[in-house]
Amino acid sequence: MKLLTHNLLSSHVRGVGPRGFPLRLQATEVRINPVEFNPEFVARMIPKVEWAALLEAADTLHLVEVPKEPIEGYEHDEKFLKKMHHVLLEVDVLEGTLQCPESGRLFPISRGIPNMLLSDEETET
Amino acid sequence: MSEVQEATNQLLDGNLHGNQRSIQVTESGSRSESEHLQVTIGATVPTGFEQTAADEVREKLGSSCKISKDRGKIYFDISVESLAQVHCLRSVDNLFVVVKEFKDYQFKETKEEVLKDFEELAGKLPWSEPLKVWKVNTSFKKKKTKRKKINQNSSKEKIDNGQGDRADERDDTKGFTNKTLGSHILDYYENPAIKEEISTLVGDDLASCKDEADEGSKEDTPEVLKFRVTCNRAGEKHCFSSNEAARDFGGAVQDYFKWKADMTNFDVEVLLNIHDNEIVVGIALTEESLHRRNITHFGPTTLRSTLAYGMLRLCAPQPTDIIVDPMCGTGAIPIEGATEWSNCYHIAGDNNPLAVNRAANNISSLLTKSQMKEGKVPWGLPIDAVQWDSCHLPLRTGSVDIIVTDMPFGKRMGSKKRNWNLYPACLREMSRVCRPGTGRAVLLTQDKKCFTKALSGMGHVWRKVHTVWVNIGGLHAAVYLLKRTPQAFVHPVEHDGERAPW
């Protein structure tokens with residue numbers, strides 16, 4: 001699971017709503033996969049990213065330091081873009097858990113795939 | 001300068017120019033023969049996506065297409081130099097070079113006469129240039145077959161060993177770099193164990209001839225080519241069958257070229273496509289259909305990659321679009337997406353653990369393939385897999401730009417009854433996660449009735465823009481292109497502990 005995916009994932013446990021984001025990440029096995037650097041891709045993706053969540057995840061994984069918010073003029077700052085490229089796309093969490101910040105429910109990550117399935121009681125219907 | 005001198009100079013100049021001119025003429029003469037050879041290529045595409053394929057041809061080859069009335073076929077002209085790029089088209093299943101096209105063929109009255117005409121036709125066709133193209137094409141295939149074998153072995157190993165050692169991969173790569181020919185063709189060919197069934201049709205007598213020939217000479221002399229004829233016939237007024245046409249036409253072709261008929265190990269596949277009064281004679285340029293290219297791990301209802309490509313193209317992905325397939329199965333769509341639109345981000349999700357694992361395996365196989373091709377460290381792809389329930393997507397509201405999926409038809413997967421609950425719930429959840437205003441969805445389904453009903457109550461969030469009618473394994477299906485309206489998602493009012501506001 002890449003951190004960009006983590007940035008989109010949210011808990012859907014019944015009653016939790018927007019408080020289900022971001023999921024608390026815990027990793028026991030991580031792999032770094034080189035991905036071709038595309039500066040435009042990174043620059044355009046940054047406004048779409050929930051920055052606080054990314055910061056938290058990157059900290060948990062002890063990654064290269066992510067600034068508190070995108071620095072001004074980031075679109076042309078190649079060093080910054082490369083860093084963000086690495087954080088968003090090259091870090092793959094293979095084993096670990098995602099935890100719903102509201103309900104505490106744990107979702108396992110195994111072989112790089114998070115399992116977000118809930119039991120029938122846990123979902124709303 | 002004296003007059004004599006001047007005159008001599010002029011004479012010399014004249015001669016020189018004369019010589020140069022004649023040299024130039026000769027050079028361009030021989031050049032034009034091989035390089036500037038223009039041919040008409042025919043391509044079969046998923047029916048309904050002819051226009052999408054034509055767009056891809058124009059974009060990548062610069063040629064305009066003729067879309068045939070015989071559904072699922074497009075034609076375009078290229079110079080032989082571009083043949084390699086033609087193989088890179090992602091919306092075409094099969095390619096062939098046109099030998100001759102008859103726009104309005106006059107069929108005689110009786111079967112005997114029609115078949116006799118086919119026999120006579122064989123010797124009258126302009127074979128030489130198409131055969132040149134076939135020859136050029138065969139040299140590409142040789143390289144592909146070699147690499148395909150290498151790929152299979154390595155990807156099998158990778159699956160057996162699990163993650164595989166990074167060091168091992170690098171060693172493999174080094175070895176293969178030496179063997180790999182510097183080819184500009186991408187290897188799309190899949191595991192040969194999964195073979196697409198091609199319609200037959202060389203007659204029994206030719207088949208029996210083949211058996212004798214095989215037993216006679218194990219070692220074929222390279223000059224004698226092996227061939228087969230494949231005839232596709234559609235139309236109500238024909239007094240003959242495709243078998244008969246293939247047999248008699250094939251017999252004449254054999255006599256004309258002195259080739260050997262062989263249904264399975266052929267070098268040349270001659271195509272005889274008859275659609276009402278339109279006949280196209282061609283020579284196949286692809287062996288196995290290209291459409292299963294990205295998938296090494298099949299599932300029960302794996303979608304054709306060419307169809308997946310067509311669906312993705314339909315929603316015009318923009319750079320950095322987040323593209324989600326909430327019911328991905330083996331991952332055909334997201335994998336095609338990650339390969340062709342690598343400036344977008346793709347997520348493949350399914351509730352079935354088998355499906356998600358297959359999708360993840362297919363993604364790994366794709367990485368192995370690109371590693372073989374580049375001969376260097378493999379790049380990861382912008383794609384991820386998640387196990388989830390499509391009716392309760394664990395995604396932030398309004399965070400997805402494009403949703404593309406192949407919805408359960410209710411025939412081989414799921415059931416029609418289940419669809420009555422599944423479809424509305426899915427559509428609702430999709431409208432929640434899809435970005436208002438700019439978001440769009442491309443959904444394939446055979447259960448058109450259920451889908452239309454489910455969509456009817458959702459006009460405030462989904463607007464149907466376009467429908468493509470397609471044929472999936474004999475079933476009449478539809479691909480719906482929906483646009484997400486600008487209206488923000490409104491949560492149903494909370495009561496009795498039901499769905500909470502997001």
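Visitor: The charged end of Lys100(B) sits over the ring of Phe102(B). What makes this count as a charge over a ring?

Guide: The charged end lies 5.6 Å from the ring centre. The term requires NZ of Lys or CZ of Arg within 6 Å of the ring centre and within 35 degrees of the ring normal. The distance of 5.6 Å is therefore within the limit, and the pair is listed as meeting the term. This is a predicted model, in which local features need pLDDT of at least 70 and side-chain atom pairs count only at pLDDT 80 or more, while totals for chains, interfaces and linings use all residues. Residues are numbered from 1 along each chain as its sequence is written, chains are lettered from A and ligands numbered from 1 in the order in which they are written, and side-chain values use heavy atoms, with hydrogens and water left out.

Visitor: Which residues belong to the ring cluster around Phe102(B)?

Guide: Phe102(B), Tyr105(B), Phe107(B), Phe118(B) and Phe240(B) are linked by ring pairs into a cluster.

Visitor: How many aromatic pairs are there over all chains, and what makes Trp51(A) with Phe80(A) a stacked one?

Guide: The whole structure holds 16 aromatic pairs. Rings of Phe, Tyr and Trp (its six-membered ring) pair if their centres lie within 6.5 Å; planes under 30 degrees apart are stacked, over 60 edge-to-face, and the rest tilted. Trp51(A) is in helix α3 (residues 51-60) and Phe80(A) in helix α4 (residues 78-90) of chain A, so the pair ties together parts 29 residues apart in sequence. Helices (H or I, at least four residues) and strands (E, at least two) are DSSP runs, numbered from the N terminus.

Visitor: Why is the pair of Tyr105(B) and Phe107(B) called edge-to-face?

Guide: The ring centres of Tyr105(B) and Phe107(B) are 4.8 Å apart and the planes stand at 65°, so the pair is edge-to-face.

Visitor: What makes α3(A) and α4(A) roughly perpendicular?

Guide: Their axes come within 11 Å and cross at roughly 75°. Axes are lines fitted to C-alpha atoms, for helices over the stretch in contact, and angles run from 0 to 180 degrees between N-to-C directions. Angles under 35 degrees are roughly parallel, over 145 roughly antiparallel, 65 to 115 roughly perpendicular and the rest oblique. α3(A) and α4(A) are therefore roughly perpendicular. Trp51(A), Leu54(A) and Ala58(A) of α3(A) meet Phe80(A), Met84(A), Val87(A) and Leu88(A) of α4(A), where contact means heavy atoms within 4.5 Å. By class, this contact of α3(A) with α4(A) has seven nonpolar, no polar and no charged residues. Ala, Val, Leu, Ile, Met, Phe, Trp, Tyr, Cys and Pro count as nonpolar, Asp, Glu, Lys and Arg as charged, and the others, Gly among them, as polar.

Visitor: Why is the term roughly perpendicular also used for α2(B) and α9(B)?

Guide: Helix α2 (residues 50-61) and helix α9 (residues 305-314) of chain B pack at about 80°, with axes 10 Å apart. α2(B) and α9(B) are therefore roughly perpendicular to each other. The residues in contact are Thr52(B), Asp55(B), Glu56(B), Glu59(B) and Lys60(B) of α2(B) with Tyr309(B), Gly310(B), Arg313(B) and Leu314(B) of α9(B). The classes in the contact of α2(B) with α9(B) are two nonpolar, two polar and five charged.

Visitor: What makes α9(B) mostly covered?

Guide: Of the 10 residues of α9(B), 10 are buried.

Technical notes: Buried means under 20% relative accessible area, exposed over 50%, partly exposed in between (1.4 Å probe, protein chains only).
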